[in-house]
Amino acid sequence: MEPRARIGRNRGQQQFSDQELQHLLFGHGDTAVSLDTTKKVLDELITDFITEMCFEAHRAAQLAGRQKIKLEDVKFACRKNPIYLGKIEEIFGKKEEIDKARKTLDVNDDKITKSNMKALEEPLGDADDDKDFDVRTAGGRSTGR
């Protein structure tokens with residue numbers, strides 16, 4: 001059964017919770033309490049968008065001879081809209097940055113592991129020297145000398 005046909009069975013049912021929709025609307029400038037009709041319309045729009053995007057990504061995966069959808073398939077589905085594609089790239093870039101930061105912390109004792117210290121080190125040059133360092137201040141307070 002085609003994915004677009006499957007969504008017809010759930011037509012009229014709300015896919016997202018009222019709280020999720022309310023937070024989304026409020027985050028984009030709506031009042032603290034939105035109208036129920038606004039939430040229903042937004043729910044339908046979001047559901048239709050996700051369904052269409054997944055259908056396009058599934059079609060790209062089928063053309064590549066795969067059963068499962070990969071990130072490249074979603075990117076291919078968004079290729080004609082640079083805003084969507086840019087947002088996907090931004091989110092996954094941030095995810096990689098967060099994963100890299102998590103690897104530097106040791107899970108057992110929350111200390112930075114010795115093996116990952118080299119990744120944190122940066123080469124120091126003449127530009128890093130503090131010429132205006134005042135020895136009379138310690139911790140932001142003047143020592144009075």
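**Notebook: a buried aspartate, a helix and a pocket**

I looked up D43 first: at 4% relative accessibility, D43 counts as buried. My cut-offs are under 20% relative accessible area for buried, over 50% for exposed and partly exposed in between, with a 1.4 Å probe and protein chains only. This is a predicted model, where local features need pLDDT of at least 70, side-chain atom pairs count only at pLDDT 80 or more, and totals for chains, interfaces and linings use all residues. Residues are numbered from 1 along each chain as its sequence is written, and side-chain values use heavy atoms, with hydrogens and water left out.

**D43 and its contacts**

I placed D43 in helix α3. Helices here are DSSP runs of H or I with at least four residues, strands are runs of E with at least two, and both are numbered from the N terminus. Which residues does D43 contact, leaving aside its neighbours within four places in sequence? I found Q13, Q14, Q15, F16 and L21. Contact means heavy atoms within 4.5 Å.

**Helix α2**

L21 took me to α2, residues 18–27, where L21, Q22 and L25 are buried. Seen down the axis of α2, these buried residues fall within an arc of 100 degrees, so they line one face of the helix. The arc is taken from the directions from the helix axis to the C-beta atoms. What do the buried residues of α2 pack against? They pack against α3, residues 36–63. On the face turned away from the buried side I noted the exposed residues Q19, H23 and G27. Just after α2, G29 takes a positive phi of about 105 degrees.

**The whole protein**

I counted 6 helices and 2 strands. From the N terminus on, they run α-α-α-α-α-α-β-β. Of the 145 residues, 14% count as buried.

**The largest pocket**

A pocket is an open set of points on a 1 Å grid over the protein atoms alone, where a 1.4 Å probe fits, with protein on both sides within 12 Å along at least five of seven lines; lining residues have an atom within 4 Å of a point. The largest pocket holds about 310 Å³ of space, the volume filled by probe spheres set on the points. The elements giving two or more residues to its lining are α3 and α5, residues 82–104. The largest share, 6 residues, comes from α5. The lining has 13 residues, and F49, M53, V74, C78 and I88 lie nearest the centre.
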